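Thanks for making time this morning; I would like to walk you through one model, going from its sheets to its pockets. Please keep the display open while I talk.

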Amino acid sequence: MFDETAAQSESAFTAYLHGGTDQRVLTTLVEELFRVLDYTVVPVETWDEVFDTVIRKRNYNYPIHTLRTGKPSRTTLQQLTAAHTDSTVPHSILVSTVTPPSERTNRVAGHSGVRVIDQSELRELVSGVIARLSEPVHASGTETRRASGSPAKVKRLITKLEAACDETEALVERQAFADATKRRDTTRNAVNRIRTVLPAKLNQRFRERLAAVESRLADITLMLQTAYVESLAAGDSHAETAKTAIVDGDITAGLRACEDARSAYANARVIADHVEIKPRGESDETPQSRVGTVTQLEQQLRVRDRVQQAEATIESLAATVADTTATARDPKSQSKLHAAARAGVKQLNQLPDDITDSELEDRVAALAEQVERFESAAQRSHSTGDAPPPEGGTHEGSTETTEVIHTTAEIVDGQSQRAPIVLRLHEELSEDGRRTVFRGETLAGDQVQFDVWHRHSDEAMWEFDEWYLVENVRGQHWTVANGTGVTLTTTPTFTATRHEPPSRSEA
């Protein structure tokens with residue numbers, strides 16, 4: 001694209017740069033020079049508008065402003081200086097063919113973050129590149145750079161580039177963005193390499209075809225940028241659908257919308273990783289941050305799904321309890337009631353302990369009350385019948401008639417306790433904003449862990465070394481490598497009152 005004779009004298013070079021009407025002649029020349037010097041020209045759209053082109057070598061970027069007439073504006077100088085603050089920009093470049101250089105140009109030339117290339121240095125750079133292109137290529141051992149650019153070979157290479165553009169455009173249409181960006185980059189690098197072997201007097205038709213390939217690559221970049229915006233919008237739309245599904249209780253539709261949102265955001269992230277799209281404003285969320293929102297929506301949906309499943313199961317159990325209560329003295333009926341109570345407790349135990357949504361809390365509290373009624377029905381059937389309660393779900397040593405539980409052996413594993421427990425608190429073990437964990441002891445001096453959910457109890461009511469009568473707590477016996485223990489956990493129907501210090505007979 002450059003006539004070598006234009007670099008033979010200063011006057012010829014000046015006439016080449018300033019004689020025509022093409023405003024991009026200087027920018028185009030600079031891009032071609034740096035391509036030969038193994039730099040890559042990257043899309044300028046994501047940079048400030050004062051830059052005419054951006055070149056890259058390895059991981060470093062060099063934004064360039066070209067100037068054929070006049071003097072650089074104050075805004076241009078500010079942006080040239082500001083670009084240096086980016087860790088990937090060793091310096092910005094001002095290419096000025098204005099002679100003599102303006103005072104502003106001289107002033108910015110003294111700044112460590114800006115390199116100025118004047119017309120004289122630019123001409124030297126052109127001469128050096130021409131000499132480099134004339135050197136033999138030793139890879140083949142015989143051919144030179146110019147010989148390797150024979151018309152037949154150039155035609156084949158350009159045809160392959162055109163086919164590569166066709167394939168890349170098809171990949172974008174199919175939303176195969178990872179493959180599309182790789183193919184685009186490979187094709188662009190091939191164009192840069194081919195330009196280094198083109199004859200100086202290449203057939204004009206070949207030049208037009210090669211320019212068309214570069215134009216198509218630029219259009220592909222625009223297609224990818226558009227696809228990025230569309231992918232974010234699609235992901236946002238799916239996320240809104242998931243939020244609506246949460247309100248409507250449609251778990252299946254909500255999870256499907258979350259999956260679709262993840263897929264859309266993944267496409268946007270692939271594009272952003274290769275096209276270097278930067279957020280348009282400080283408040284813009286990246287695809288990664290949007291995925292975090294989707295994760296939260298999925299968690300809400302799964303919690304609601306578990307609550308719905310518990311409601312369905314407990315509703316079925318309620319029908320069993322209602323049908324069985326009339327024949328509660330029958331041993332088989334008693335067994336059914338106890339089984340229903342255990343199944344209800346199991347459903348409650350499978351629900352997350354960290355539910356914070358007020359509506360879900362109310363629904364879980366209603367389930368807990370229902371299960372409490374199951375347990376009461378099972379207890380009444382035992383007190384009026386002759387058959388003992390079923391063994392399943394009862395910890396060894398528990399009793400149905402104890403007025404106050406004294407020892408950990410009396411605590412029923414995996415159930416809400418039917419009798420109150422008197423506890424004294426000794427210390428706080430942990431607190432995470434939702435739950436406080438205490439160490440305490442029973443009337444018999446058995447050590448217990450006491451988990452108090454803030455939504456069940458006033459945090460300010462607890463004092464150390466004071467005794468409390470607690471009701472409606474769930475017990476859990478556990479075993480670890482160095483011993484066993486018991487944890488008591490508050491429930492939605494939990495209550496606690498101050499208790500007088502026990503007498504010696506109580507202790």
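What you see is a predicted model, in which local features need pLDDT of at least 70 and side-chain atom pairs count only at pLDDT 80 or more, while totals for chains, interfaces and linings use all residues. Residues are numbered from 1 along each chain as its sequence is written, and side-chain values use heavy atoms, with hydrogens and water left out.

Let me start with the open sheet, where five strands follow the order β1-β2-β3-β4-β5 with mixed pairing. Strands here are DSSP runs of E with at least two residues, helices are runs of H or I with at least four, and both are numbered from the N terminus; two strands pair if DSSP finds at least two bridges between them. Which strands stand at the edges? They are β1 and β5 (114–117), each of which has a single partner strand, so one side of each is left without a neighbour in the sheet. Direction ignored, neighbouring strands of this sheet are turned by 30° against each other on average, where axes are lines fitted to C-alpha atoms, for helices over the stretch in contact, and angles run from 0 to 180 degrees between N-to-C directions.

Helix α2 packs on this sheet, touching β1, β2, β3 (60–67) and β4 (92–96), and its direction makes about 150° with that of β3; contact means heavy atoms within 4.5 Å.

Within the sheet, β1 pairs with β2 (residues 53–57) in the antiparallel sense over three bridges, and here Val41 has Ile55 as its bridge partner, while Val42 stands opposite Val54. Strand β2 in turn is joined to β3 by five bridges, again running antiparallel, with Arg56 opposite Asn61. The hairpin of β2 and β3 has two residues between the strands, and in it Arg58 takes a positive phi near 55°.

Tyr39 lies in the loop between α2 and β1 and Tyr62 in strand β3, so the pair ties together parts that are 23 residues apart in sequence.

The other sheet is a closed barrel of five strands, running β6-β7-β8-β10-β9 with mixed pairing, and its neighbouring strands are turned by 40° against each other on average, direction ignored. Strand β6 (residues 421–431) runs antiparallel to β9 and is joined to it by four bridges, and the bridge partner of Leu423 in β9 is Tyr468.

Finally, the pockets. A pocket is an open set of points on a 1 Å grid over the protein atoms alone, where a 1.4 Å probe fits, with protein on both sides within 12 Å along at least five of seven lines, and lining residues have an atom within 4 Å of a point. The largest pocket holds about 650 Å³ of space; of its 26 lining residues, the closest to its centre are Arg24, Glu31, Arg35, Val41 and Glu214. Helix α8 gives the most to this lining, with eight residues. The second largest pocket holds about 490 Å³, and the closest to its centre, of 25 lining residues, are Leu348, Asp353, Arg474, Thr489 and Thr490.

Conventions. Grid points are joined across faces, edges and corners, and a volume is the space filled by probe spheres set on the points.
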